[in-house]
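Colleague: I would like to learn how to read aromatic pairs in a model. Please take me through a case.

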Amino acid sequence: MTVHPPVTGHCDELQDALGAFRASAHTTARWGERLAEVLPGGGRLLAAGNGGSAAQAQHLTAELVGRYRDDRPAFSAIALHADTSSTTAIANDYGVDAVFARQVRAHGRPGDVLMLLSTSGASANLLSAADAARAAGLHVWALTGPAPNPLMAGSDESLCVEAPTAATVQELHLVAVHMVCAAFDAALESGRRRNPDPRHRGGRGDGR
């Protein structure tokens, strides 16, 4: 492993990891395209993480509810950790490991997507959320640090960042978030060009 000097070495470490991460572009493109099928039809993205990963997950939901670059409709995306009253109540009554799983059971519906972000890929509350989501018929994506890890194994799809520190993993997770958003917007625009009537984009018919 290359040893970098302090401070400026952080940039070198990021640059090294980014080169390998670039090969993951196909995964972020596929995820963005999948969201462009799920969300306009009434589906929902749920996202969660701990600490810095919580911030990255919330960054993703903000881009979908708001916008990434160009103006477009708002879509349903919820950062589960952001509801402090629910998370603290669940942690108090059911334990910390249940804080996301119980919210998944409350908000998730078959066909929705749950994205879980973790530098370690071993957080018990995220593993429980993945189990709950799969049982409820959601599609589970994991954005983690180096493989292999338990969250990768417990998800339908994963993107594992090969980097030596949690800080660099989190930075590349943000890159992945923006790549997913770019792919999502591109897929929406492509769909609009093919069929300008949004009523024909397809929905789940569950009235949500």
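**Aromatic pairs**

Modeller: The count here comes to two aromatic pairs. The rule: rings of Phe, Tyr and Trp (its six-membered ring) pair if their centres lie within 6.5 Å; planes under 30 degrees apart are stacked, over 60 edge-to-face, and the rest tilted. The model is predicted: local features need pLDDT of at least 70, side-chain atom pairs count only at pLDDT 80 or more, and totals for chains, interfaces and linings use all residues. Residues are numbered from 1 along each chain as its sequence is written, and side-chain values use heavy atoms, without hydrogens and water.

Colleague: How many degrees lie between the planes of W31 and W141?

Modeller: 5°, with 4.8 Å centre to centre, so W31 and W141 are stacked. The pair links distant parts of the chain, 110 residues apart: W31 is in helix α2 (residues 25-38), W141 in strand β4 (residues 139-144). Helices (H or I, at least four residues) and strands (E, at least two) are DSSP runs, numbered from the N terminus.

Colleague: Is W31 buried or exposed?

Modeller: Buried means under 20% relative accessible area, exposed over 50%, partly exposed in between (1.4 Å probe, protein chains only). W31 is at 1% relative accessibility, so it counts as buried. W141 is buried too, at 0%.

Colleague: What kind of aromatic pair do F75 and F184 form?

Modeller: Edge-to-face: 5.3 Å centre to centre, 90° between the planes. F75 sits in the loop between α3 (52-65) and β2 (77-79), F184 in helix α8 (residues 166-194), 109 residues apart. F75 counts as buried at 11% relative accessibility. F184 is buried at 0%.
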